[in-house]
Protein chains: 2
Amino acid sequence: MPETSPPIFQRLTLIGLGLIGSSVARAARENGIAAEIVASDASETVCARVAELGIADRVEPDLIRAVEGADCVMLCAPVGVLADIAAVIAPHLAQGCILTDVGSTKLSVVRDVGPVVPEGVHFVPAHPLAGTEFSGPDAGFAELFQGRYCLVVPPAGTNADAVARIVALWQRMGATVEEMEPAHHDRVLAVTSHLPHLIAFTICGTADDLADETKEEVLRFAASGFRDFTRIAASDPVMWRDIFLNNREALLEMLARFTEDAQAMAKAIRWGDAAYIEDKVLRGRKIRRSLIEIKQA
Amino acid sequence: MPETSPPIFQRLTLIGLGLIGSSVARAARENGIAAEIVASDASETVCARVAELGIADRVEPDLIRAVEGADCVMLCAPVGVLADIAAVIAPHLAQGCILTDVGSTKLSVVRDVGPVVPEGVHFVPAHPLAGTEFSGPDAGFAELFQGRYCLVVPPAGTNADAVARIVALWQRMGATVEEMEPAHHDRVLAVTSHLPHLIAFTICGTADDLADETKEEVLRFAASGFRDFTRIAASDPVMWRDIFLNNREALLEMLARFTEDAQAMAKAIRWGDAAYIEDKVLRGRKIRRSLIEIKQA
């Protein structure tokens, strides 16, 4: 363990031990982030598996006992259940405790969790932009956040020391941290992540609805482009259902913009507008090159 | 050179030395497919570069001289120019010559090239499902077709020996060959390749149209999903313009199906239909798993 700094927290409680939560458990231990790591999950199977894996110091299925005495509680469950979890744990959070999360939608978390946070508890929502197509406690790994962004969206007036400790937590796990307004976060993520996933899920369904013979061929000849779309379509269904429902406005706006653009392309194809099509393809190429230049591709 | 079979052709002429044509040149030589490889391209720069690379036995910018005496002529130019090329070369093709192509749309090739093919010349359209995001003669490589499919779509009544020789050519370069009807080919490719590319180009444009600050962030946070879409958006603009215009009916139908499905998803998100969304995400995951099972992912 090359990290010699003292732990940031005495007791870090993780609620939800899927891909992200179990990766935080591993990375927190590897980087000496907390003196004690407590894990809690609504699923008995997940709790048992986390105990077997030994990635937490203590597994505590009971939410209230899990958060008692913690100086940091991190919600790593799907965003659709955070309101319920927050209502249960709020009265039992210690004074000075930092409550944070890793949800992919931030206005909804501020809306659902913010109101129940007691006086003397610091609420610092965050979102690490990291993941794989796999899910569950076995899918996590300590290096998941290295070189990735983590967006921190503290409400106005949040205790600066609490924000600094959450920033330190993610930096020590290898992430680059940026602060952002929740509404802006949700728009940026709508176009960079939520819309691409919506499209990927949708095109899989479109292909699945084709007549049987064609469908079998869609799978066989997927390498010609379709395959790249299915990679991100393998993600966790409950997590994505909750993201779509909790970033409704921004996602529907981005889908509407995309649909207008796709219809304009359809019209150009129908009427043989070669210059329009070529221009759009060139823009795609330009964006791809920008990504390569800033080393995001 | 492990291949000890005799050459399939005495003189193979390649017209268009981009990614595919230059890969065929390299693979044909490496696998002893032709006693002589002649290369022709409309671009002087490309001709000069092919000569420098030494991947053809002879570079012949003049189309007519390039095809004279060839027993196989393979059109590797964008599908939009194949009609013009075919009209120029048709009267100069040798008796018994096999005329083939590598175009991504097949009804259009049958429509554009078929009528000018002289008596005694065999027309065997084909389409190797292979490519990268790069283009030009430097981007090609001999292994491009290994383990990939090549779809051969001979019109009814085509000379069986000519078909067998084109099949042998692709097999010797490492491809798995399947025969298909042109109309069926165009529908399968519309959904596996052309629609995914149309969507990828379009979403790049949608992102590019966002206000400047968000756009910069779209690039920085692309790893959250957007990036996977841009990979296939870097392809050659003229090639894709021509594909879209030459597979209009099938592509517009698949786009219409996809748009209906995306609108149904939008409605489910607007009205909070959690079960519908979860079901669609599960289908995406199922399709991805099918690809993994048949080793196409």
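## The open sheet of chain B

Six strands of chain B form an open sheet with parallel pairing, in the order β3-β2-β1-β4-β5-β6. Strands here are DSSP E runs of at least two residues, and helices are H or I runs of at least four, both numbered from the N terminus. Two strands pair if DSSP finds at least two bridges between them. The edge strands are β3 (58-59) and β6 (122-124) of chain B, and each pairs on one side only. Strand β1 (residues 9-15) and strand β2 (residues 34-40) of chain B run parallel and share six bridges. Thr13(B) has Val38(B) in β2(B) as its bridge partner.

## Model and conventions

This is a predicted model, in which local features need pLDDT of at least 70, side-chain atom pairs count only at pLDDT 80 or more, and totals for chains, interfaces and linings use all residues. Residues are numbered from 1 along each chain as its sequence is written, chains are lettered from A and ligands numbered from 1 in the order in which they are written, and side-chain values use heavy atoms, with hydrogens and water left out.

## Strand β8 of chain B

β8(B) has two pairing partners described here. Strand β7 (residues 126-128) of chain B pairs with β8(B) in the antiparallel sense over three bridges. In that pairing Pro128(B) stands opposite Cys150(B). Strand β9 (residues 176-179) of chain B pairs with β8(B) in the parallel sense over four bridges. There, Val152(B) stands opposite Glu179(B).

Buried means under 20% relative accessible area, exposed means over 50%, and partly exposed lies in between (1.4 Å probe, protein chains only).

## The interface between chains A and B

The size of an interface is often given as the accessible area lost when the parts come together. Chain B and chain A bury about 8,700 Å² between them, with 67% of it on carbon and sulfur atoms. Buried area is the accessible area (1.4 Å probe) that two parts lose on being put together, summed over both. Phe221(B), Ile269(B) and Arg288(B) supply 8% of the area that chain B buries against chain A, more than any other three residues. The contact (heavy atoms within 4.5 Å) takes 94 residues from chain B and 94 from chain A.

The interface holds 27 residue pairs in polar contact, both residues being at pLDDT 80 or more. A polar contact is a pair of N or O atoms within 3.5 Å; within protein, one must be able to donate a hydrogen and the other to accept it, and residues adjacent in sequence count only if both atoms are side-chain atoms. Elements that each supply at least two residues to the touching side of chain B include β8 (149-152), α7 (182-208) and α11 (248-270). The largest share, 20 residues, comes from α7(B). The residues of this side divide into 51 nonpolar, 19 polar and 24 charged. Ala, Val, Leu, Ile, Met, Phe, Trp, Tyr, Cys and Pro count as nonpolar, Asp, Glu, Lys and Arg as charged, and the others, Gly among them, as polar.

Arg241(A) sits in helix α10 (residues 237-246) of chain A. Arg241(A) is buried, at 18% relative accessible area. The side chain of Arg241(A) makes a polar contact with the side chain of Glu278(B) at 2.8 Å. Beyond neighbours within four places in sequence, Arg241(A) is in contact with Ala274(B), Ile277(B) and Glu278(B).

The side chains of Arg288(A) and Glu133(B) meet in a salt bridge at 3.4 Å, N to O. This pair crosses between chains, from helix α12 (residues 274-293) of chain A to the loop between β7 and β8 of chain B. Arg288(A) is buried, at 4% relative accessible area. Glu133(B) is buried too, at 17%.

## Salt bridges

Side chains of opposite charge can pair when their charged atoms come close. A salt bridge is a side-chain nitrogen of Lys or Arg within 4 Å of a carboxyl oxygen of Asp or Glu.

Glu52(A) bridges to Arg49(A), with the closest N and O atoms 2.6 Å apart. Both lie in helix α2 (residues 44-53) of chain A, three residues apart, about one turn of the helix. Glu52(A) is exposed at 59% relative accessible area, while Arg49(A) is partly exposed at 28%.
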